[in-house]
Amino acid sequence: MKHIFSLMILLISLAGFSQETIQPLPFGNFTQFELSVPLQGNKDRGEVYPDGRTNDSWFLPDGVNANFGYGYHYKQWLGLSANSGIAMKLSEKLIMTPVFANLRIMPKIGEETRIGIDLGLGQTFALGRGDLSGTFKRIKLNLEADELQLFIEVVSYGIDLNNNSQGSISLGIALVTF
């Protein structure tokens, strides 16, 4: 009888501890897929078309960029990732592959909204241009809601082509999965 009573007390105390939930760690991994459109100034702005309309566009699209990254984050506001992708500057007939590390700083400003900055540094390789390469530098301003990001980025590819340093200002959208 004494052993049965001790066994019952042991089982009741173990059942009480089994109701505790384990808090998830604030660290985790994330993936990021970005699509952006680099813009160039419209040198024909103000020109009048033959039908009488005026060209009022300040900027024109100059290609498309796509990047994919995988990294680790702390509470979704601080992250470090390895990224690669493809970048096109159609005005220069240039296609590049950037490979870079990205630092993400995204503090919360609302319940599911974040605003922040990404800083990228790495290497750019021009495709079909021999050994043309350069130092890739990027700064990106983000507005994130849930897992969707809208951003504007300024990129320097570190490549000189036709005596011009290559870079771009882009508008884009990204999907971030935690």
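**Close-up views of a predicted model**

**View 1. The buried residues Lys140 and Glu34.** Lys140 and Glu34 are both buried (buried: under 20% relative accessible area; exposed: over 50%; partly exposed: in between; 1.4 Å probe, protein chains only). The model is predicted, so local features need pLDDT of at least 70 and side-chain atom pairs count only at pLDDT 80 or more, whereas totals for chains, interfaces and linings use all residues. Residues are numbered from 1 along each chain as its sequence is written, and side-chain values use heavy atoms, with hydrogens and water left out. The side chains of Lys140 and Glu34 form a salt bridge, N to O 2.6 Å (a side-chain nitrogen of Lys or Arg within 4 Å of a carboxyl oxygen of Asp or Glu). This pair links distant parts of the chain, with Lys140 in strand β7 and Glu34 in strand β1, 106 residues apart. Strands (E, at least two residues), like helices (H or I, at least four), are DSSP runs numbered from the N terminus.

**View 2. The salt bridge between Glu34 and Arg138.** Side chains of opposite charge can pair when their charged atoms come close. Here, Glu34 and Arg138 meet through their side chains in a salt bridge of 2.9 Å, N to O. Because Glu34 lies in strand β1 (residues 27–41) and Arg138 in strand β7 (residues 133–145), the pair ties together parts that are 104 residues apart in sequence. Glu34 counts as buried because its relative accessibility is 2%; Arg138, at 4%, also counts as buried.

View 3. In the salt bridge of Glu144 with Arg104, the closest N and O atoms are 3.1 Å apart. The two residues join distant parts of the chain: Glu144 belongs to strand β7 and Arg104 to strand β5 (residues 94–105), 40 residues apart. Glu144 and Arg104 are both buried.

**View 4. The surroundings of Glu153.** Glu153 is part of strand β8 (residues 148–161). Its relative accessible area is 2%, so Glu153 is buried. The side chains of Glu153 and Arg138 are joined by a polar contact of 3.2 Å (a pair of N or O atoms within 3.5 Å; within protein, one must be able to donate a hydrogen and the other to accept it, and residues adjacent in sequence count only if both atoms are side-chain atoms). Apart from residues up to four places away in sequence, Glu153 is in contact (heavy atoms within 4.5 Å) with Ser36, Asn65, Arg138, Ile139, Lys140, Ser168, Ile169 and Ser170.

**View 5. The largest nonpolar core.** Ten residues make up this core: Ala87, Leu94, Met96, Phe100, Ala126, Phe136, Val155, Tyr157, Ile159 and Leu161. Strands β5 and β8 each supply at least two residues of the core, and β8 gives the largest share, four residues. A nonpolar core is a set of buried Ala, Val, Leu, Ile, Met, Phe, Trp, Tyr and Cys residues joined through side-chain atoms within 4.5 Å. With residues up to four places away in sequence not counted, Ala87 touches Val64, Asn65, Leu94, Ile95, Met96, Pro98 and Tyr157.

**View 6. Thr54 in a loop.** Thr54 lies in the loop between β1 and β2 (59–61). With a relative accessible area of 37%, Thr54 is partly exposed. Its contacts, leaving aside neighbours within four places in sequence, are with Gly46, Glu47, Val48 and Tyr49. From C-alpha to C-alpha, Thr54 and Gly158 are 36 Å apart in space, and they are 104 residues apart in sequence.
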